[in-house]
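These are notes for a colleague who will work from the coordinates. Please read them beside the model.

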Amino acid sequence: KQWYQRRVRGDTPVRYMGYANEVGEAFRHLVHRNVVRFSYLLSGGYVVADATSKARVSDVPVRTFADVLVWQGLASVLIPGLTINRLCWALGRAKVRPAVVTGVGLAAIPFIIKPIDTAVDEGMERVVRPYIL
């Protein structure tokens, strides 16, 4: 039980599964679409596992699960995946070589994390937590 909670909460490299969809989107121009779909499966699995592990140690498990699921779903899967997808799409439309598209997509990941996390934190505090959760 302790190993599971420690592993999923981000204390170890397992947390990098949350970035799988961004990596998948960056490689979209070079790999079969099922590889990209699988990357979303990995990221989604991480989100559910993280929400479950945090809910298991919470005094309000259902609310905690929902809160973490929404936050992680937005900050780890939906918004970063869309951001990298659109960046790589635009580069592809500009006739940039697929390997360069992938390189730029991968290079962009570290730069989008903090602004997305900050925006999701703000949105959760202003909209989701007071009115929904």
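Predicted model: local features only at pLDDT ≥ 70, side-chain atom pairs only at ≥ 80, totals over all residues.

1. Residues are numbered from 1 along each chain as its sequence is written, and side-chain values use heavy atoms, with hydrogens and water left out.

2. Helix α5 covers residues 98–131; helices here are DSSP runs (H or I, at least four residues), numbered from the N terminus. The end C-alpha atoms of α5 are only 43 Å apart, whereas a straight helix of 34 residues would span 50 Å (the expected span is 1.5 Å times one less than the number of residues). There is a bend of about 45 degrees in α5 at M124, taken as the angle between axes fitted to the seven residues ending there and the seven starting there.

3. M124 is also one of the buried residues of α5; among the others are G105, I112, I116 and V128. Buried means under 20% relative accessible area, exposed over 50%, and partly exposed in between (1.4 Å probe, protein chains only). The cover over the buried residues of α5 includes α2 (20–26) and α4 (61–93), by contact, meaning heavy atoms within 4.5 Å.

4. The whole structure has five salt bridges (a side-chain nitrogen of Lys or Arg within 4 Å of a carboxyl oxygen of Asp or Glu). In one of them, R129 pairs with D67, with the closest N and O atoms 2.6 Å apart. This pair links distant parts of the chain, R129 in helix α5 and D67 in helix α4, 62 residues apart. D67 is buried at 17%, while R129 is partly exposed at 22%.

5. R129 also forms a salt bridge with E125, at 2.5 Å between the closest N and O atoms. Shared partners join D67, E125 and R129 into one network. E125 and R129 are both in α5, four residues apart, about one turn of the helix.

6. R126 and E122 have that four-residue spacing within α5 too, and their salt bridge brings the closest N and O atoms to 2.4 Å. R126 is exposed at 59% relative accessibility, and E122 is partly exposed at 39%.

7. Where does S39 lie? The residue is in helix α3 (residues 33–56) and is buried, with a relative accessible area of 6%. A polar atom of the S39 side chain is 2.5 Å from the backbone oxygen of V36. Beyond neighbours within four places in sequence, S39 contacts A20, N21 and G24.

Key
Helix = DSSP H or I, 4+ residues; strand = E, 2+ residues; numbered from the N terminus. Polar contact = N/O pair within 3.5 Å; in protein donor to acceptor, adjacent residues only side chain to side chain.
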